[in-house]
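Dear colleague,

Please find below the structure that I am handing over to you. My findings follow directly after it.

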Amino acid sequence: MAANVVFNASRRVTLVECVFRRLGATAVYFTGGSQGALVNRTVFADVSGAGVQIGDYDTFAEPDPAKHETGNVVTDSLFDGVAAEFHGNAAVSVGYSAFTTISHVEVRNLSYSGISIGWGWSRETRTYASNNTVERNRVRDFKRLLGDGGGIYALGPQQGSRMRYNHVEQMAAGAGGGGYYPDEGSAYWEVAHNVFSGAAACSDDCEWLHLWNPSIHDVS
């Protein structure tokens, strides 16, 4: 979707101590093979779409490494009440990417998923998505409106990726999904040392780790 700030084929962009507030669409979008970006100590609040979008959903077969989203980092940032109008977005939404790191962020007050990474379900099994890290984040008060989501949600195979040391809490009543949700086609993830708590409002599929389909494999 549209974004307020777009970086296309960028290299080593740094956003530090910025505030993105009361915006339509997505706040910041890295696309076209953007690499080496850093979003650090930044606040996203009352944003209609995603806070940060990294990568796209149709680049699984891109043969040129220069056009891959790689080495981008989102860290030490706050996402509060994003996806306020376009509810299907996550606070941090990542399409096909490699060596992406999302760490030490706080995500709260979400209509759907907190952090979403990957694409393709089980349709695309050979992509460049790999070596992504989602660790030491806090996601709370999510799925307030929509179901079939997760505090941390993943799709498709992502060789050598890690989901560790996160704290997900206060999953609301949106039916389906779970605290940590490697969805269809998810593979090659290490999921370890995570915490899930406070699902009292949840009435359906309240698992801390939601694994539901035989296309999900090599999640340890």
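What volume does the largest pocket have? In this predicted model, the largest pocket has a volume of about 210 Å³. Its lining is made up of 15 residues, and those nearest the centre of the pocket are Gly88, Tyr112, Ser116, Trp119 and Tyr153.

I turn next to the strands. Eight of them form an open sheet with parallel pairing, in the order β2-β5-β8-β11-β14-β17-β20-β22. The edges of this sheet are β2 (14-16) and β22 (217-219), each of which pairs on one side only. On average, and with direction ignored, neighbouring strands of the sheet are turned by 10° against each other.

One pairing within this order can be described at the residue level. Strand β14 (residues 133-135) runs parallel to strand β17 (residues 157-164), and three bridges join the two. Here valine 134 stands opposite methionine 163 in β17.

Strand β15 (residues 138-142) takes part in two further pairings. Three bridges join β15 to strand β12 (residues 106-108), and these strands run parallel; in this pairing glutamate 106 stands opposite arginine 138 in β15. With strand β18 (residues 167-171), β15 pairs in the parallel sense over four bridges, and arginine 140 is placed opposite glutamate 169 in β18.

Kind regards

Terms used: Residues are numbered from 1 along each chain as its sequence is written. This is a predicted model: local features need pLDDT of at least 70, side-chain atom pairs count only at pLDDT 80 or more; totals for chains, interfaces and linings use all residues. Side-chain values use heavy atoms; hydrogens and water are left out. Two strands pair if DSSP finds at least two bridges between them. Axes are lines fitted to C-alpha atoms, for helices over the stretch in contact, and angles run from 0 to 180 degrees between N-to-C directions. On a 1 Å grid over the protein atoms alone, a cavity is a set of points where a 1.4 Å probe fits but cannot get out, and a pocket is an open set with protein on both sides within 12 Å along at least five of seven lines; lining residues have an atom within 4 Å of a point. Grid points are joined across faces, edges and corners, and a volume is the space filled by probe spheres set on the points.
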